[in-house]
Amino acid sequence: MAYLARTERRRSIVDAAATVVARDGLSAVTARTVAEELGGSPGQIHHHFTSTDELVAEAWRQYAAREIEAYGAEVSGLEPLEALTNFFQDLLGEKDGQAMARWAEAAAHAQLRKPVADSYVESLARLTDVLASVLVRRDLDVARAREAAGRLLMLAVGLAGIARITDDPPISLRSVMLSAIHAECA
């Protein structure tokens, strides 16, 4: 690994950790996996982060920011129904992705680890704002749009959590999510 200034090295570690989150999930972020991603040593990771929880929190913050920014750009100008269907496509069976599963996993980590909780709540607020900006397009005031976005997001995280623990959920994730999207876009 080449020499980098402390702030640059820390940034490169967070970048590598966010890559691990995107590829393998939050649970895969360890000093060892991030060091492997970087081509360095676990000691280097420990030198820059006081705990794995601090590293996981920063990795989540960066991963979520990238995903939220990409989504915002992707749905700019789309009608609310199309934009929301696009965002929640994992739960609608239209794409075999992991986006909502990552949010459900982060919620589980946040319940157990304060640094992760702080970054999760921060990113959740940011995502709620982006989803609310989609819903404002249908002539909702900002407060009502934020409430609607929050309802959809909380439902989706819960449904994604169910999908993470069983291949045979007791309800149709697709029909529940689709129904909620249509209700909020009516």
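Me: Which residues of α9 does α8 meet?
Reply: In this predicted model, the α8 side of the contact consists of Y120, L124, A125, L127, T128, D129, L131, A132, L135 and V136. By class, the contact of α8 with α9 has 16 nonpolar, 2 polar and 2 charged residues.

Me: Are α8 and α9 roughly parallel or oblique, and what is the handedness of their crossing?
Reply: The axes of α8, residues 114-136, and α9, residues 142-165, come within 8 Å of each other and cross at roughly 120°. Because angles of 65 to 115 degrees count as roughly perpendicular and those over 145 as roughly antiparallel, α8 is oblique to α9. The handedness of the crossing of α8 and α9 is right-handed.

Me: At what angle do α7 and α8 pack, and which residues of α8 make the contact?
Reply: Helix α7 spans residues 99-112, and its axis lies 7 Å from that of α8, with a packing angle of about 140°. The two helices are therefore oblique to each other, and α7 passes α8 in a left-handed crossing. On the α7 side the contact is made by W103, A106, A107, H109, A110 and L112, and on the α8 side by K114, V116, A117, Y120, S123, L124 and L127.

Me: How many nonpolar, polar and charged residues are there in the contact of α4 with α8?
Reply: The axes of α4, residues 52-75, and α8 come within 8 Å and cross at roughly 5°, and the two helices are therefore roughly parallel to each other. Among the α4 residues that make the contact are D53, E54, W60, R61 and I68, while the α8 residues include P115, D118, E122, R126 and V134. Sorted by class, this contact has 15 nonpolar, 3 polar and 6 charged residues.

Me: Is A117 buried or exposed, and what separates its C-alpha atom from that of A57?
Reply: A117 is found in helix α8, and with a relative accessible area of 16% this residue is buried, because the cut-off for that class is under 20%. A117 and A57 are 60 residues apart along the chain, and the separation of their C-alpha atoms is 7.8 Å.

Me: Which residues have the most contacts inside the largest nonpolar core, and what is F88 in contact with?
Reply: The largest nonpolar core has 61 residues, and those with the most contacts inside it are F88, M100 and W103. Leaving aside neighbours within four places in sequence, F88 is in contact with M100, L131, L152, L153, A156, M177 and I181.

Me: Where does G25 lie, and which residues is it in contact with?
Reply: G25 is placed in the loop between α1, residues 6-24, and α2, residues 31-38, and at 0% relative accessibility G25 counts as buried. G25 and F49 are 24 residues apart in sequence, and their C-alpha atoms are 19 Å apart in space. Apart from neighbours within four places in sequence, the residues in contact with G25 are V20, R102 and E105.

Me: Is L159 buried or exposed, and which residues does it touch?
Reply: L159 is found in helix α9, and its relative accessible area of 3% means that L159 is buried. Not counting residues up to four places away in sequence, L159 touches L91, I171, L173, V176 and M177.

Notes. Residues are numbered from 1 along each chain as its sequence is written. This is a predicted model: local features need pLDDT of at least 70, side-chain atom pairs count only at pLDDT 80 or more; totals for chains, interfaces and linings use all residues. Side-chain values use heavy atoms; hydrogens and water are left out. Axes are lines fitted to C-alpha atoms, for helices over the stretch in contact, and angles run from 0 to 180 degrees between N-to-C directions. Helices (H or I, at least four residues) and strands (E, at least two) are DSSP runs, numbered from the N terminus. Angles under 35 degrees count as roughly parallel, over 145 as roughly antiparallel, 65 to 115 as roughly perpendicular and the rest as oblique. A crossing is left-handed if the near helix is turned anticlockwise from the far one by less than a right angle, and right-handed if clockwise. Contact means heavy atoms within 4.5 Å. Ala, Val, Leu, Ile, Met, Phe, Trp, Tyr, Cys and Pro count as nonpolar, Asp, Glu, Lys and Arg as charged, and the others, Gly among them, as polar. A nonpolar core is a set of buried Ala, Val, Leu, Ile, Met, Phe, Trp, Tyr and Cys residues joined through side-chain atoms within 4.5 Å. Buried means under 20% relative accessible area, exposed over 50%, partly exposed in between (1.4 Å probe, protein chains only).
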